[in-house]
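I opened a notebook for this chain and wrote down what I looked up.

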Amino acid sequence: MSESASATQGLRAAIDRSGYYPDVVADALETCLAGERVVSYFVHHEPTFYSEEVRRHITVLVLTPSRLVLGHTDEHPADETLPTPYATASTEAVPIDRVSSIVVSRVVANPAAYEPGGPVHEAILTIGWGAMGRLDLEPATCADPNCDADHGYTGTFSSDDLTVRVSSAVEGGDAVGRLLGFAQELSVLTRRPPQFR
């Protein structure tokens, strides 16, 4: 079996293991993948609590040689749109050269005793490609503690198109490792020669 076929089968198996409408999720992804080879993937199933009910959500990240494919599937209760419960599945394909930032945050316990390759208790992957951003503003101040002038605002703008957080306490250490592995594969694919920076 080729490495590509193995990755594709692994992706489908991970979607099936989630138990969250696997055929809906897989069909939605197949539309965006359009037969392109799967390099790496990460499947993240997360329940969300709404008062007295649990709604589920799944995010699937897939790397191909040329694109980052993202799939989101949510379930909804019956409403005026449909008289039965339903799911919405959305996919987006981002060309690899559009990925502008990859932020990986790790949480480790007892950092003084940490050894290379040791356990990571939580990983957060944030990927930006310019579709969405976050602007954090706060009142600007000056060095004079007695100054009461209006100095306007200061802030930061950051690309924040997608954030995935995985914790070993909730999803297990293997899930944290898989997210970190996906982040590394994404970093490899988005390396650009100096002339393109």
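The entries below go from the whole chain to single residues.

**Ground rules.** I am working with a predicted model, in which local features need pLDDT of at least 70, side-chain atom pairs count only at pLDDT 80 or more, and totals for chains, interfaces and linings use all residues. Residues are numbered from 1 along each chain as its sequence is written, and side-chain values use heavy atoms, with hydrogens and water left out.

**Whole chain.** I looked up the secondary structure and found 3 helices and 9 strands. Helices (H or I, at least four residues) and strands (E, at least two) are DSSP runs, numbered from the N terminus. Read from the N terminus, the order is α-α-β-β-β-β-β-β-β-β-β-α.

I then looked up burial. Buried means under 20% relative accessible area, exposed over 50%, and partly exposed in between (1.4 Å probe, protein chains only). Of the 197 residues in the chain, 30% are buried. The chain exposes about 12,200 Å², and carbon and sulfur atoms supply 52% of that area; the areas come from the Shrake-Rupley method with a 1.4 Å probe, and for residues only the protein chains shown count as cover.

Residues 24 or more positions apart account for 60% of them.

**Cysteines.** How many disulfides does the count come to? A disulfide is a pair of cysteine sulfur atoms within 2.5 Å, and by this rule I count 0. C142 is in no disulfide, and its nearest cysteine sulfur, that of C147, is 3.6 Å away. C147 is likewise in no disulfide, with the sulfur of C142 at 3.6 Å. I noted C142 as partly exposed because its relative accessibility is 35%. C147 is partly exposed too, at 32%.

**Aromatic rings.** A pair of aromatic rings is described by the distance of the centres and the angle of the planes. Rings of Phe, Tyr and Trp (its six-membered ring) pair if their centres lie within 6.5 Å; planes under 30 degrees apart count as stacked, over 60 as edge-to-face and the rest as tilted. My search of the whole structure gave 1 aromatic pair. Y20 is buried at 0% relative accessibility, whereas Y21 is partly exposed at 34%.

I also found R56 over the face of Y21, at 5.3 Å from the ring centre. A charge sits over a ring if NZ of Lys or CZ of Arg is within 6 Å of the ring centre and within 35 degrees of the ring normal.

**T190.** This residue is in the segment after α3 (173–189). Is T190 buried or exposed? I put T190 down as buried because its relative accessible area is 10%. A polar atom of the T190 side chain lies 2.9 Å from the backbone oxygen of L186. The backbone oxygen of S187 lies 3.3 Å from a polar atom of that side chain. Not counting residues up to four places away in sequence, T190 touches I96, V99 and I102.

**Positive phi.** A34 is a residue other than glycine with a positive phi, near 50°. A34 lies in the loop between α2 (22–33) and β1 (40–50) and is exposed, with a relative accessible area of 63%. N110, also not a glycine, has a positive phi near 45°. N110 lies in the loop between β5 (101–107) and β6 (122–128) and counts as exposed at 54%.

Note on methods:
A polar contact is a pair of N or O atoms within 3.5 Å; within protein, one must be able to donate a hydrogen and the other to accept it, and residues adjacent in sequence count only if both atoms are side-chain atoms. Contact means heavy atoms within 4.5 Å.
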